[in-house]
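This report describes a helix pair and some backbone angles. The sequence and structure come first.

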Amino acid sequence: MGNDLVDVLVVGAGPTGLVLACDLARRGAAVRIVDRSPAPPRTSRAKGPNARSLEILDDLGVADEVLAAGSDPLPMLKYRDRLPVAETDPWADSAPSPDAPYDRGRLIAQWRLEEILRDRLAGYGVRVELGREVVGLTEAADGPHVDVTFAEGRTERVRYVVGCDGAHSSVRKLLGIGFEGTTAEDQVMVCGDVDLAEGALDRTRWHQWFDEDGAVMLCPIPGTRTGWWFQAGPERDGRGRPLAPTADGFRRLLARHTALPGRALTRAELLSTYRVNVRMADRFRAERVFLAGDAAHVHAVAGGLGMNTGIQDAFNLGWKLGLVLAGHAGAELLDTYEEERLPVAARTLDLTSERLRATLEAIRRPGGGLDAAITSDTTGLGVGYRWSSLARVHDEASRFYETPRPDGTLRPGDGSPGSPQPGDRAPDAPCVDAVTGARTRLHRVFAGPRTTVLGFGPGSAAVLREVAAAYGDAGVRTCRVYAPYESGARSGPGAGVVDDEGHAAAAYGTEVLSDTHTGTVIVVRPDHHLGLSAPADDAGSVHAYLHRLHGAGRPRNGSPALVDAARKG
């Protein structure tokens, strides 16, 4: 039995596990991450983070490196009978906006993204422990711990375990959690990383050949000179059964569907067969053990939401574990992980199945392609938790906060029509640092492992002072958002920004201030979702909400100190 008690053991070192480990490590939690693979995988697999995941990676401080290592999504060149018939850029009409500077995802090989996250994690003194397989999980009889047994026979005690170990999750199986759903045996695709002869295809396009008897798709892998993602309908035997992928099989498929000779494919590795699985765990938590990513849900690849949903699971769970471990929040906060993420996973299964149907219908016609899978829903920016018990909606008349009605509808918020409601993603907005005059943006203010309290309007100053005094040492930052016309000293506790172009007020629906409405206070959770919005004269409700997340503002003796990763824009 190990002597040092670990706060969280993360099982699985893919993007989900690495994001979770990074988030916990920067909070000062004692985190370890293990993976049964003997070496980091080199597979490209998922094609990259979507817009919402880029915001999360930005918060973790690695977005710039991800952007530099990847490329923008490419226009899709569609072929029929070996001839080009249409070209589509799904993002042609999209552009960054003040509230969402990432309007699209980024193409990057999964192994490269994992490499960037491992480097970030190593900066906190945590390294992936490779070749370690979990074979046993037992709730400790003598305390609130889990005893974890590894394949080599060693048993170690930890406070919490999170299974991020993929669709065949050992953690899920050890817990006996069901993984109900369907496998479409007839919807099969062979995949792999390949090299093509240099100059064989234009690397500024994602090439897609869809014929009546099969398909081949080739997308260039960023950061390589001749590397491509290869996806295709499989070869079949005399009975119509799909054959296992091979390099020679890939060459035959290439020659059959494209104008390239088979010999143009010079290397093929990391070959796999993909079948459409649509499954979800019965629950995402069993006492002190959690599931995230593919261990909790798998679905069709259409829309590219697999890895991204896992990253967003991790970002939802990390701050909750951090606050409980620090002694601020009660353990009941952890119940909100499943409360929030299970409905999102269920919706994602429906969305990706719907997008797969649309794509299969589109490719029957010349000019149809994978762009049919892409909608505004696949950016992840619209995902929120309005039904959550953490989404507290202000009621002017009764002066308290209510959870949503059973049917999921909400009472009207205090902002203007269309303004974000509690549970929604917190919008970004360009602004100016009130002290230095440097340009920044709200998501830079939010960055790092803290809750943020925004104050709009002069009446919010008093609440911000109270919050800073009570919670400034307990993981809460305050930020006064000044309107450009506000004069006088721009000072006070915490950060301050000037909303010089009015984007913040417009995004949060606070531009409708009047003589009788002197301000608004908005609590932004550490995962950049709104917790509540309240009039500035309702300090009691603000304190009550913060008390749920941060207790009385005094961490327990010996609790981990927060590692503030906030960065100036």
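## Two crossing helices

Helix α2 passes helix α7 in a left-handed crossing, meaning that the near helix is turned anticlockwise from the far one by less than a right angle. Contact (heavy atoms within 4.5 Å) is made by Arg52, Ser53, Ile56 and Asp59 of α2 and by Asn308, Ile311, Gln312 and Phe315 of α7. By class, this contact has three nonpolar, three polar and two charged residues.

The axes of α2 (residues 51-59) and α7 (residues 306-325) come within 9 Å and cross at roughly 45°. That makes α2 oblique to α7; angles under 35 degrees count as roughly parallel, over 145 as roughly antiparallel, 65 to 115 as roughly perpendicular and the rest as oblique.

## Basis of the model

The model is predicted, with local features needing pLDDT of at least 70 and side-chain atom pairs pLDDT 80 or more, while totals for chains, interfaces and linings use all residues. Residues are numbered from 1 along each chain as its sequence is written, and side-chain values use heavy atoms, leaving out hydrogens and water.

## Helix α7

Of the 20 residues in α7, 19 are buried (under 20% relative accessible area; exposed is over 50%, partly exposed in between, with a 1.4 Å probe and protein chains only). After α7 comes Gly327, with a positive phi near 85°.

## Positive phi outside glycine

Asp81 is not a glycine, yet its phi is positive, about 55°. Asp81 sits in the loop between β3 (76-80) and β4 (83-88) and counts as exposed at 57% relative accessibility.

Leu270, also not a glycine, has a positive phi of about 55°. Leu270 belongs to strand β13 (residues 265-281) and is partly exposed, at 37%.

Key: Axes fitted to C-alpha atoms, helices over the stretch in contact; angles between N-to-C directions. Helix = DSSP H or I, 4+ residues; strand = E, 2+ residues; numbered from the N terminus. Nonpolar A, V, L, I, M, F, W, Y, C, P; charged D, E, K, R; others polar.
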